[in-house]
Amino acid sequence: MPEQHDTVPEIQTFGRRARAARDRAGLTRAVAGGLVGRSAEWVKAIETGAIGMPRLPMLIRMATVYECDIADLTGDERITAATYTKAMHASLPAVKRALTTYQLTAGEDEPEAAEVLAARVRRAWKLWHGDGDHRSRVAALLPDLLADTQRSVRALEGAERRRVLALQAQVYHLAQLYLAFQPEPELITMAGDRSMSAAQDADSPRAIAGAAWYVNHIYRDANTAAEARVELAEQAAALQRRDDPEGLARWGLLQLAAALSYAKTGRAGLAWRYWDRAKDAARQLGEAYVHPWLIFGHGIVDAYALDIHLGLVQPGKAVEAAAALDLGAVPSATRRARHLVEAARAYGMQQEGVAAVALLGKAYRTSPETVRFSTHARMVLPEFAKAGPPTVREDARELTLALGLTA
């Protein structure tokens, strides 16, 4: 029989290194999992190669718990400077400057009214979810939006000021999304915290719901504050009215936030209980309903079932969910590409390289910048280009070069 090339040796090497580091530290899988905030099953999956190398925040935590260097876990080639520094978007300095510049005076220009700012924010969301280079297009708008909402908040009063504060929270959501996968993690925390502060100052339950959803992303990606993020989602959900579509959609979105958090900590029963609540909310809203910028609807709820299986380290079920994925009901190119990357991750966990590369290629065609700034894609594509199945090695090489990496 011809030689099979359907594994990625370096992913297995990471698992062996992780096990060796844990053994040197004298920790059982259960203890190690508890110390890094995951389950013993997750540690086993890492060590056996069922799942690949985690993101940088978890690597740092593992290295701290195992009392070793990150290089002891990753080896010389798995994380290179190019993986992170070359993923920096060209507009990052301008966005950072806008986030760290404070409008302390009203200035000579008249502050923009909430209605005008609302139209600009809607346009920014359309660009974020639209086709093409969404990150670059939104980055061109963010500095002025950040400055102008700050100026209007300082100059306006009463109900008009509260409306602008709610819009400012959305601008910080956009900033947080732009900053994802950029080499400035502290700015992501800053954007999330400011969005929640603006939402609370606006005294708007709807704005608070959006802020809670995005703050939950920050906590989950950092693998921290599991109980706090569920409590935040529940408190924000309790503020929502469920007798109108807008309130029900935000309530359902917060059920998803809790479901994803419970999946991260291996609590399957609670994860699926909250997912069922989100699914019921989407069912009540109807198949045609999709929130205009939070994109909550039945398509997103179904797509996040894949994330829950991944969080629970259920690679077989994750592949089943990926195979059944229908993103036609998701009117956001960015979101569709993001879920395609997660589907590729599921197939990669099962060593199905052909499907993984094909899905990453589809994700790239759907939203190039989503894949270009995906840490997962940047880590695995060079390996598929070198040692993946022969049928997709050339495809992986082309995608690797498109991401600005060396094949």
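In the predicted model, Asp302 is partly exposed, with a relative accessibility of 33%. The side chain of Asp302 meets that of Lys279 in a salt bridge, with an N to O distance of 2.6 Å. This pair links distant parts of the chain, 23 residues apart: Lys279 belongs to helix 15 (residues 268-285) and Asp302 to helix 16 (residues 298-311).

In total, 17 salt bridges are counted in the structure. One of them joins Arg120 to Asp148, with the closest N and O atoms 2.8 Å apart. Arg120 is located in helix 8 (residues 114-129) and Asp148 in helix 9 (residues 134-155), so this contact ties together parts that are separated by 28 residues in sequence. The two partners fall into separate accessibility classes: Arg120 has a relative accessible area of 23% and is partly exposed, whereas Asp148, at 15%, is buried, because the buried class covers values under 20%.

A further salt bridge is formed within a helix. Arg397 pairs with Glu394, the closest N and O atoms lying 2.7 Å apart. Both residues are part of helix 22 (residues 390-402), where a spacing of 3 residues corresponds to about one turn of the helix. Arg397 is partly exposed at 29% relative accessibility, and Glu394 is likewise partly exposed, at 43%.

Salt bridges with shared partners also occur. Through them, Arg19, Arg22, Asp23, Arg29 and Glu47 are joined into one network.

Definitions and conventions. Residues numbered from 1 in each chain as written. Predicted model: local features only at pLDDT ≥ 70, side-chain atom pairs only at ≥ 80, totals over all residues. Heavy atoms only, no water. Salt bridge = Lys/Arg side-chain N within 4 Å of Asp/Glu carboxyl O. Helix = DSSP H or I, 4+ residues; strand = E, 2+ residues; numbered from the N terminus. Buried < 20%, exposed > 50% of the residue type's maximum accessible area, 1.4 Å probe, protein only.
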